[in-house]
Amino acid sequence: EYWPPFLREDGPYFEPDRIDHARLGDRDRALVRSYFYKPDNIERQMFFDRLNPLYRNRHRLMAELLPRWQPWDKRIEMGWANLDGWGWLSGLEEHYPPDPKMRELRLKHCQPTYVAQFTNYRIDDVAMRALHESVALARSHGAKVGFVYFPEASEFRGWMPASVEREARERLASLQEELHVPLIDARLWMPDGYMVDGFHLSRIGAWEFTKRFGPEVAATFPDLARGP
């Protein structure tokens, strides 16, 4: 996925800071040295985490074994507990058209976060390097690689200044040329009513999107062998 808001890699959205160091091991040292701002500190934390792994991972173990014993804000199983047979996690919006009042509230909730992301915007070299390495890693395992720009509502697109739009598009074009990667640009595919908060699809929206996305992937990679 190519999505400009999180390519600036600073503040609360600096990706390495969002990685739990307790889940890193010896084989991750090269990644830590390459991406973390203070790798010595992270490796020190990794060392202490391994001295008592049961204690350090107690919240995750409880989430797996006895989630109801944890406070609500510590529970993590909500991300998978209510998945249906198709992998859909209900919660945002199940119907079309959406409730206009609820949609307005969700847009107002998201707007400050993304307006802040687009203020003094720049695409960080760390993000570009990670994209290059991700493509190389996928290809080294025999995968076909393409970029996808997922749908955004008109309100969300309106939060992005023209200068940010220009930089994001120029960087994307540069990546495509450097890496020889095709793009499925689905940004304008879906009507606003399918976007419950500006960038997340409703259940019906996801269904409509998938009907179009599947054939688009097949057309983008026509040489892929079909499964049985």
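Contact is taken here as heavy atoms within 4.5 Å. The structure is a predicted model, in which local features need pLDDT of at least 70 and side-chain atom pairs count only at pLDDT 80 or more, while totals for chains, interfaces and linings use all residues. Residues are numbered from 1 along each chain as its sequence is written, and side-chain values use heavy atoms, with hydrogens and water left out.

The chain contains nine helices and two strands; helices (H or I, at least four residues) and strands (E, at least two) are DSSP runs, numbered from the N terminus. Along the sequence these elements follow the pattern α-α-α-α-α-α-β-α-α-β-α. Along the principal axes, the C-alpha atoms fill a box of roughly 50 × 50 × 45 Å. Of the 228 residues, 33% are buried, where buried means under 20% relative accessible area, exposed over 50% and partly exposed in between (1.4 Å probe, protein chains only). Among contacts with a separation of 6 or more, 69% join residues 24 or more positions apart.

Val32 is placed in helix H1 and is buried, with 0% relative accessibility. Apart from residues up to four places away in sequence, Val32 touches Leu24, Pro39, Ile42, Glu43 and Met46. His21 and Val32 are separated by 11 residues in sequence and by 9.5 Å from C-alpha to C-alpha.

Arg8 belongs to the segment before helix H1 (29-35). The relative accessible area of Arg8 is 9%, so this residue is buried. The side chain of Arg8 has a polar atom 2.6 Å from the backbone oxygen of Gln117 and also reaches the backbone oxygen of Thr119 at 2.9 Å. A polar contact is a pair of N or O atoms within 3.5 Å; within protein, one must be able to donate a hydrogen and the other to accept it, and residues adjacent in sequence count only if both atoms are side-chain atoms. Beyond four places in sequence, the residues in contact with Arg8 include Ala116, Phe118, Tyr121 and Asp124.

A nonpolar core is a set of buried Ala, Val, Leu, Ile, Met, Phe, Trp, Tyr and Cys residues joined through side-chain atoms within 4.5 Å. The largest such core has 26 residues, and Tyr2, Leu7, Tyr114, Phe118 and Phe147 have the most contacts inside it. Two or more residues each come from helix H5 (100-117), H6, strand E1 (147-149) and H8, and H8 gives the most, with five. With neighbours within four places in sequence left aside, Tyr114 is in contact with Trp3, Pro5, Phe6, Phe156, Trp159 and Phe199. A second, separate core has 11 residues, among them Val148, Ile184, Met190 and Leu201.

Met190 is in the loop between strand E2 (183-185) and helix H9 (203-220), and is buried at 8% relative accessibility.

Helices H6 (residues 125-140) and H8 (residues 162-179) have axes that come within 12 Å and cross at roughly 35°. Axes are lines fitted to C-alpha atoms, for helices over the stretch in contact, and angles run from 0 to 180 degrees between N-to-C directions. The contact involves Asp125, Met128, Leu131, His132, Val135 and Arg139 of H6, together with Arg171, Leu175, Glu178 and Leu179 of H8.
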